[in-house]
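Colleague: I have the model open and would like to go through it with you. Can we start with how you decide on strand pairing?

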Amino acid sequence: MLNKIYDWVDERLDITPLWRDIADHEVPEHVNPAHHFSAFVYCFGGLTFFVTVIQILSGMFLTMYYVPDIKNAWESVYYLQNEVAFGQIVRGMHHWGASLVLVMMFLHTLRVFFQGAYKKPRELNWVVGVLIFFVMLGLGFTGYLLPWDMKALFATKVGLQIAEATPFIGSYVKVLLAGHEHIVGAQTLTRFFAIHVFFLPGALLGLMGAHFIMIRKQGISGPL
Amino acid sequence: MSKERVSRRQFLSYTLTGVGGFMAAGMLMPMVRFAVDPVLKAEAGGDFIPTPKKVSEITKEPVRVDFKFKQKDAWYESEVTETAWVYKDDNGKIIALSPVCKHLGCTVNWNTDKEHPDQFFCPCHYGRYTKDGTNVPNTPPLAPLDVYPYKEKDGYLYLGKAKPRKEA
């Protein structure tokens, strides 16, 4: 049945080369854990991507209940966590996944660093990877405020003070992030929400696309 | 079982699809259940809401009765006002009609159309209903006005959730 549907589409659109380009490529022996168990270090990049997918999915579902408004944010989070079926699990996935994605990304970075895999001709991919790292940190920072509880508020106040300490442009950066000179409030929350669900994920998808195109083009780095 | 041998590649693709599907389902099930929760939530029983109207004051002439109740909309609680047209029919039975026009949902009034007195009239598209709420043929509405179930308690009128009636 599935084969027939596939053949029907393939006959018309010739999709086989498309997915072959994406999915069908050799895994060299030195990155295959079945040959050398120590090759599990090559999994961290893929695991980062896997957790990112979970983050995007669980985040999409959370916005079905969440409201980015100072009067309702905390209430809606409380409601979705305690009144909605599996709310605790879906929010838990997003909460713990946020930390896990940073851990996986850090391990991936360590592997690339200590294997020297960033060296010519892969310097550009290292640069894009570092940009992804910053985007991820930004996602963590902006997402932390959204539940609008005391911990979120004061963590953000500290974070904004750190941004403010930037030489010359610090005070402008702070106002740009907080939306107000002195208040961390209504405008801060909507800004952080917009950054968290539209701007940074958009940047992240673009950067990840570039990251993956480059690794397919250049292939994985050779054995040590 | 067929006699055809399962090739190594087939075996791998079946097991990987199976395990992968199981893991994907484990991931997606909580999220989907989370999303469809409003559909599966049990609806609260139809409570009767007190109105400020004394049963003894209800006459044969329909009057507008506004009644308020607390509505809980997830994390948002508010006071909502609803309206009923209330009168006693010829047998002395209380009738409480919903003012929501069955055409496109405007609010109907009693006896405001001078050409057709003693009827409910909807100003939006000139829909009309007779006193018992039955839609007048050849006007836009296709069904009679909804009816509130009612109760009498301590001399006051209590109304439930308005229910639709069959087509006239």
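Modeller: Two strands count as paired if DSSP finds at least two bridges between them. The model is predicted.

Colleague: Fine. How many bridges join β3 and β4 of chain B, and do they run parallel or antiparallel?

Modeller: Strand β3 (residues 76–88) and strand β4 (residues 94–97) of chain B are antiparallel and joined by four bridges. K88(B) faces I94(B) in β4(B).

Colleague: What sits between the strands in that hairpin?

Modeller: Five residues lie between β3(B) and β4(B), and G92(B) has a positive phi near 85° in this hairpin.

Colleague: And at the end of chain B, how many bridges join β8 to β9?

Modeller: Four bridges hold β8 (residues 150–153) to β9(B), again in antiparallel fashion. K153(B) has Y156(B) as its bridge partner in β9(B). Two residues separate the strands of this hairpin, and D154(B) in the turn shows a positive phi of about 50°.

Colleague: Which other strand is joined to β9 of chain B?

Modeller: Strand β1 (residues 49–54) of chain B, through three bridges to β9 (residues 156–159), and that pair is antiparallel. Y156(B) turns up here too, opposite K54(B).

Colleague: Zooming out, how is chain B divided?

Modeller: Domain 1 of chain B covers 1–41 and domain 2 covers 49–159. Their centres, taken over C-alpha atoms, are 53 Å apart.

Colleague: What does UniProt list for residues 12–32 of chain B?

Modeller: The unreviewed UniProt entry gives "transmembrane region" for residues 12–32 of chain B. In the model that span is 100% helix and 0% strand, with 29 Å between its end C-alpha atoms.

Colleague: And what does the entry list for 72–159 of chain B?

Modeller: "Domain: Rieske", from an unreviewed UniProt entry. Residues 72–159 of chain B are 40% strand and 0% helix, and their end C-alpha atoms lie 18 Å apart.

Colleague: Switching to chain A. How many helices and strands are there?

Modeller: Chain A has nine helices and zero strands. The C-alpha trace spans about 55 × 50 × 35 Å along the principal axes of chain A. Of the 224 residues in chain A, 24% are buried. Among contacts in chain A with a separation of 6 or more, 65% come from residues 24 or more positions apart.

Colleague: Which residues of chain A does UniProt list as "transmembrane region"?

Modeller: The unreviewed entry lists 39–67, 96–114, 126–146 and 193–215 of chain A. The 39–67 span of chain A is 69% helix and 0% strand, with its end C-alpha atoms 44 Å apart. Residues 126–146 of chain A come out as 95% helix and 0% strand, and there the end C-alpha atoms are 31 Å apart.

Colleague: How many residues of chain B are in contact with chain A?

Modeller: Nine residues of chain B, which are in contact with 16 residues of chain A. Helix α1 (residues 8–35) of chain B gives the largest share of the chain B side, six residues. By type, that side of chain B has seven nonpolar, no polar and two charged residues.

Colleague: How many residues does the largest nonpolar core have?

Modeller: It has 20 residues, and L62(A), Y66(A), A73(A), L80(A), V90(A), L146(A) and L189(A) have the most contacts inside it. α3, α4, α5 and α9 of chain A and α1 of chain B each supply at least two residues of this core. α9(A) gives the most, four residues. Another core lies apart from it, with 16 residues including W85(B) and F120(B).

Colleague: What is A73(A) in contact with, leaving aside its neighbours within four places in sequence?

Modeller: V67(A), P68(A), L146(A), P147(A), W148(A) and L189(A).

Colleague: Which residue other than glycine has a positive phi of about 65°?

Modeller: F86(A) has that phi, and the residue sits in the loop between α4 and α5 of chain A. Y126(B) is another non-glycine residue with a positive phi, near 60°; its place is the loop between β6 and β7 of chain B.

Colleague: Why does Y126(B) count as partly exposed?

Modeller: Because Y126(B) has 14 C-beta neighbours inside 10 Å, and partly exposed lies between the cut-offs of 12 or fewer for exposed and 20 or more for buried. F86(A), with 19 other C-beta atoms within 10 Å, is partly exposed as well.

Key: Residues numbered from 1 in each chain as written. Chains lettered and ligands numbered in written order. Predicted model: local features only at pLDDT ≥ 70, side-chain atom pairs only at ≥ 80, totals over all residues. Domains from an automatic or database assignment. UniProt positions renumbered as here; feature names shortened; annotations may be inferred. Contact = placed C-beta atoms within 7 Å. Nonpolar A, V, L, I, M, F, W, Y, C, P; charged D, E, K, R; others polar. Core = buried A, V, L, I, M, F, W, Y, C linked by C-beta atoms within 7 Å.
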